[in-house]
Amino acid sequence: MIKCNDKTAEKIRKFGEGEYPNECCGLIFGKINKDGSKEINDILPIINAREDENKYNRFLITSKDMLKGELYARKNNTEIIGFYHSHPDHPAEPSKFDLDHAWPVYSYIIVSVVKGKSEKMTSWVLSSDRSSFQEEQII
Ligand SMILES: [Zn+2]
């Protein structure tokens, strides 16, 4: 379960719509509670580092972006708890690429953007054997 307030959800949707037909991506900050639930308190958009021809279906966050995110987190007394990205004209479900590039523990929020308009938003975590994603409820 991941807590995401309306303002943050709206921001993610707007970024997805703004980058359409490319994928938007960014970092999610917040905290992980003892029971494993997460709370988002901030997000940071990242420029999609994928080469142009792949931007519509792939996103890439570089180690430089991660470092920037770590510094941002430290400064704001929070931590990186996941990533968000958009799926232009595709369902809000992780792709094979997403699965192959995912790290454990982090949440992966995906927003589907159809014809420039944001639709379903979902969140996913990698299973402990890393073979699949499990959907996590957004509240
Ligand atoms: Zn994806």
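# A walk through the fold

Among contacts in the protein chain between residues at least 6 apart in sequence, 60% join residues at least 24 apart; two residues count as in contact if their C-beta atoms, placed from the backbone, lie within 7 Å. Before going further, keep in mind that this is a predicted model, in which local features need pLDDT of at least 70, side-chain atom pairs count only at pLDDT 80 or more, and totals for chains, interfaces and linings use all residues. Residues are numbered from 1 along each chain as its sequence is written.

Let's start with the overall layout. The protein chain has 3 helices and 7 strands, where helices (H or I, at least four residues) and strands (E, at least two) are DSSP runs numbered from the N terminus. Their order along the sequence is β-α-β-β-α-β-α-β-β-β. The C-alpha atoms of the protein chain fill a box of roughly 40 × 30 × 30 Å along the principal axes. The radius of gyration of the protein chain is 14 Å, which agrees with the value near 14 Å for a compact globule of 139 residues; it is taken over C-alpha atoms, and the globule rule is 2.2 Å times the number of residues to the power 0.38.

Now look at helix H1, residues 6–19. Its 14 residues reach 20 Å from the first C-alpha to the last, close to the 20 Å expected at 1.5 Å a residue; the expected span is 1.5 Å times one less than the number of residues. The buried residues of H1 are Ile12, Phe15, Gly16 and Glu19. Seen down the axis of H1, these buried residues fall within an arc of 100°, so they line one face of the helix; the arc is that of the directions from the helix axis to the C-beta atoms. Turned away from that buried side are the exposed residues Asp6, Lys7 and Glu10. Here buried means 20 or more other C-beta atoms within 10 Å of a residue's own, exposed means 12 or fewer, and partly exposed lies in between, with C-beta atoms placed from the backbone. By this rule, buried residues make up 30% of the 139 residues in the protein chain.

What covers the buried residues of H1? The cover includes strands S2 (25–32), S3 (38–46), S4 (79–88), S5 and S6.

The largest nonpolar core has 23 residues, of which Cys25, Ile28, Ile43, Phe83, Tyr84 and Ile109 touch the most other members. Such a core is a set of buried Ala, Val, Leu, Ile, Met, Phe, Trp, Tyr and Cys residues joined through C-beta atoms within 7 Å. H1, S2, S3, S4 and S5 each give two or more residues to this core, and the largest share, 5 residues, comes from S5. Ile43 touches residues including Ile12, Ile28 and Tyr84.

Finally, follow the chain through its last strands. S5 (residues 107–114) and S6 (residues 117–126) run antiparallel, joined by 7 bridges; two strands pair if DSSP finds at least two bridges between them. Val113 has Ser118 in S6 as its bridge partner, and in the hairpin, with 2 residues between the strands, Lys115 takes a positive phi near 50°. S6 is also joined to S7 (residues 133–136), antiparallel, by 4 bridges, with Glu135 in S7 as the bridge partner of Trp124. In this second hairpin, which has 6 residues between the strands, Arg130 takes a positive phi near 65°. The segment after S7 contains Gln137, which is exposed, with 10 other C-beta atoms within 10 Å.

Key:
Lists of a residue's contacts leave out its neighbours within four places in sequence.
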